[in-house]
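Here's a quick tour of a protein chain for someone just getting started with structures. Keep the 3D view open and click along as you read.

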Amino acid sequence: MGLHRDGTHYELSAVEVHTRRILWHQLCWLDIRTCEATGPRPQIHKDDYDTRLPLNVNDADLEGPNPPTEDASCWTDMTFSLLRFECNEMHRFIWRDRPRLEERKTSLTSLLGKVQEFIHMAERKFLPCLDKDVPFQYMAILVFRLLTYRMHVMILHRYASVPGQPMPERLRKILLSSGVQQVEAAIIIETAPPLKKWSWILGECFQSNDVWMMGEKLTFFVGALHQYHSAILLLAELYASPNQERFYEDRIWNCLDYVFELDSSLTRREKVRMILIQQQLL
């Protein structure tokens, strides 16, 4: 079908070009979700295609005599999907650069800097289009936050503290801050009444994740909402070292209570034991 080539190469109509772009980038989205669920690296590489991202336009505008050739600066039929696609392309970049990081062909500071540049660019592009008072647009804001905060977790989770080897405080604070806000966004989506009917969307955003604890690999099958990977990282990092400051401790425990449905009558020490026992039984 040649979806990996942009439709403008084939002198297609604006509707056909737009549709092909949507189809290709949905395949790219599924490629990332599949490799997260099953382990291998993405099968689609940036150099393999030149299909552009869809324009931020309304479907009806493409059927007129003068279809748009540039993004609209407001909410359209495409904004939500485009937001996801752009974040997905950054996730693909992170997947590509993580091996380069291990091979010392790039630096952690450089990779985190590129992520921050992307987040600032995406905020300038998308946030002015989104109105928090419109439920579906508020949903888009939360999904955007989930996908961008997750970028820090994707990079830093393999550096999470192990006994006797704590993370540098600056990186640890980034990991905890992003992990907390990622889980909090998921909680809002499930608990805010105007948003609950769209909570299934997170099933596309997160499937399963692996996390290493004490030398053992634990796999968590992430449903539509529960961010088990980030929750376990938060728990492990919170208690990584008795000498480290416990950033965001109360917020982390609010997340853990919700994700693992913990009994509020238990002490935090009892909750830790219960969570770890549950994971050993998986």
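Let's start with aspartate 97, which has its place in helix H2. Keep in mind that this is a predicted model, so confidence gets its own group of points further down.

**Aspartate 97, a charged residue tucked away**

- Is aspartate 97 buried or exposed? Its relative accessibility is 0%, so aspartate 97 counts as buried, the cut-off being under 20%.
- The side chain of aspartate 97 makes a polar contact with the side chain of arginine 96, at 3.0 Å.
- If you skip the neighbours within four places in sequence, aspartate 97 is in contact with Thr106, Leu111 and Lys114.

**How H2 and H3 sit together**

- Two packed helices can be described with two numbers, the angle between their axes and the distance between those axes.
- For H2 (residues 79-102) and H3 (residues 108-126), the angle is about 175° and the axes are 11 Å apart.
- Because an angle over 145 degrees counts as roughly antiparallel, H2 is roughly antiparallel to H3.
- On the H2 side, the residues that meet H3 include Leu82, Leu83, Met90, Phe93 and Asp97.
- On the H3 side, the residues that meet H2 include Leu111, Lys114, Val115, Phe118 and Phe126.
- What kinds of residues make up the contact of H2 with H3? They divide into 13 nonpolar, one polar and four charged.
- Threonine 109 also lies in H3, but threonine 109 counts as exposed, at 58% relative accessibility.
- The C-alpha atom of threonine 109 is separated by 10.0 Å from that of leucine 171, and these two residues are 62 residues apart along the chain.

- As a rule, most residues other than glycine have a negative phi.
- Arginine 104 isn't a glycine, yet it has a positive phi of about 60°.
- You'll find arginine 104 in the loop between H2 and H3, where it counts as exposed at 79% relative accessibility.
- Tyrosine 248 isn't a glycine either, and it has a positive phi of about 60°.
- Tyrosine 248 is in the loop between H7 and helix H8 (249-259), and at 25% relative accessibility it counts as partly exposed.

- Where is threonine 51? It lies in the loop between helix H1 (14-38) and H2.
- Even in that loop, threonine 51 counts as buried, at 5% relative accessibility.
- The side chain of threonine 51 reaches the backbone oxygen of leucine 3, at 2.5 Å.
- Leaving out residues up to four places away in sequence, threonine 51 touches Leu3, His4, Arg5, Asp6, Arg21, Trp24 and His25.

**Helix H7 and glutamate 237**

- H7 is mostly covered, with 10 of its 11 residues buried.
- Among those buried residues are Tyr228, Ile232, Leu235 and Glu237.
- Glutamate 237, in helix H7 (residues 228-238), is buried with a relative accessible area of 1%.
- Not counting residues up to four places away in sequence, glutamate 237 touches Ala160, Ser161, Met167, Arg172, Leu175, Leu176 and Gln244.
- Glutamate 237 and proline 166 are 71 residues apart along the chain, and their C-alpha atoms are separated by 8.6 Å.

**The whole chain**

- How many helices and strands does the chain have? The secondary structure comes to nine helices and two strands.
- Starting at the N terminus, the elements run α-α-α-α-α-α-β-β-α-α-α.
- Of the 282 residues in the chain, 48% are buried.
- Take the contacts between residues at least 6 apart in sequence: 64% of them join residues at least 24 apart.

- The chain averages a pLDDT of 85, and 87% of the residues score at least 70.
- Which element has the highest confidence, and which the lowest? H3 is highest at a mean of 96, while strand E2 (residues 216-221) is lowest at 36.
- Over residues 206-226, pLDDT stays under 50, and the model has 63 contacts beyond four places in sequence for this stretch.

Methods
Residues are numbered from 1 along each chain as its sequence is written. This is a predicted model: local features need pLDDT of at least 70, side-chain atom pairs count only at pLDDT 80 or more; totals for chains, interfaces and linings use all residues. Side-chain values use heavy atoms; hydrogens and water are left out. Axes are lines fitted to C-alpha atoms, for helices over the stretch in contact, and angles run from 0 to 180 degrees between N-to-C directions. Helices (H or I, at least four residues) and strands (E, at least two) are DSSP runs, numbered from the N terminus. Angles under 35 degrees count as roughly parallel, over 145 as roughly antiparallel, 65 to 115 as roughly perpendicular and the rest as oblique. Contact means heavy atoms within 4.5 Å. Ala, Val, Leu, Ile, Met, Phe, Trp, Tyr, Cys and Pro count as nonpolar, Asp, Glu, Lys and Arg as charged, and the others, Gly among them, as polar. Buried means under 20% relative accessible area, exposed over 50%, partly exposed in between (1.4 Å probe, protein chains only). A polar contact is a pair of N or O atoms within 3.5 Å; within protein, one must be able to donate a hydrogen and the other to accept it, and residues adjacent in sequence count only if both atoms are side-chain atoms. pLDDT is the predictor's confidence in each residue, from 0 to 100.
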